[in-house]
Amino acid sequence: MRTLYEVGRIIEDLKKDKERLLERERKISVFSVLDGEDKEDMRPEYDYDSIKGEIEALDKKIRALTHSALKYFVTEKVAEHGDMTLDELLVYLRQLEDKADKLYTMSTHLNKERIGTDPIEYEYVNYDIKRVEEEYQKTKKEIDRTRFYTDFYVYELAFDTGVDGL
């Protein structure tokens, strides 16, 4: 059992292991010798099939863990949020943040604001600023609530990855 966060970290570690293996292969798969040196004495130990097998094993584990994480992400229901899935919850969070940005901007307007001097021109709001401020506060509370559950499902709630040893 692992959390989504842990699975993400494991995937990153596996990718780094693969990068290290590929870099090591790059360094030992080709070599150079000076004229007169014994080529066999300078030849580094290199087994193409062995390294190929290690890379394929890492790739298989990365694919399996990624699939498992994505499956969890799109199927795990967050009951506290109307049975939205985690991916829906993240989209919802982004929508809430956009809404909060809009409401914040609206709440900073004055009822009457001078915008021009020649000729003198005024801009008036066509909404109840107090109501917008209340909606802004309500939206911020919903953002906090949504982040709490998102964080809980990503960082705290463990799930079966279906991958041996993980």
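Me: Leaving aside neighbours within four places in sequence, which residues is L65 in contact with?
Reply: Happy to start there, with the reminder that this is a predicted model. L65 is among the residues with the most contacts inside the largest nonpolar core. Setting aside its sequence neighbours within four places, the contacts of L65 are V7, I10, I11, L14, T161, V163 and L166.

Me: Why does the pair Y72 and F159 count as stacked?
Reply: It is one of five aromatic pairs found in a search of the whole structure. Planes under 30 degrees apart count as stacked. The ring centres of Y72 and F159 are 4.1 Å apart and their planes meet at 5 degrees, so the pair is stacked.

Me: How many residues apart are Y72 and F159 in the chain?
Reply: Both residues are buried. Y72 belongs to helix α3 (residues 48–75) and F159 to strand β6 (residues 158–159), so the pair links distant parts of the chain. Their separation is 87 residues.

Me: Is F148 buried or exposed?
Reply: F148 forms an edge-to-face aromatic pair with Y149, at 5.1 Å centre to centre and 80 degrees between the planes. For accessibility, the cut-off for exposed is over 50%. F148 has 51% relative accessibility, so it counts as exposed.

Terms used. Residues are numbered from 1 along each chain as its sequence is written. This is a predicted model: local features need pLDDT of at least 70, side-chain atom pairs count only at pLDDT 80 or more; totals for chains, interfaces and linings use all residues. Side-chain values use heavy atoms; hydrogens and water are left out. Rings of Phe, Tyr and Trp (its six-membered ring) pair if their centres lie within 6.5 Å; planes under 30 degrees apart count as stacked, over 60 as edge-to-face and the rest as tilted. Helices (H or I, at least four residues) and strands (E, at least two) are DSSP runs, numbered from the N terminus. Buried means under 20% relative accessible area, exposed over 50%, partly exposed in between (1.4 Å probe, protein chains only). A nonpolar core is a set of buried Ala, Val, Leu, Ile, Met, Phe, Trp, Tyr and Cys residues joined through side-chain atoms within 4.5 Å. Contact means heavy atoms within 4.5 Å.
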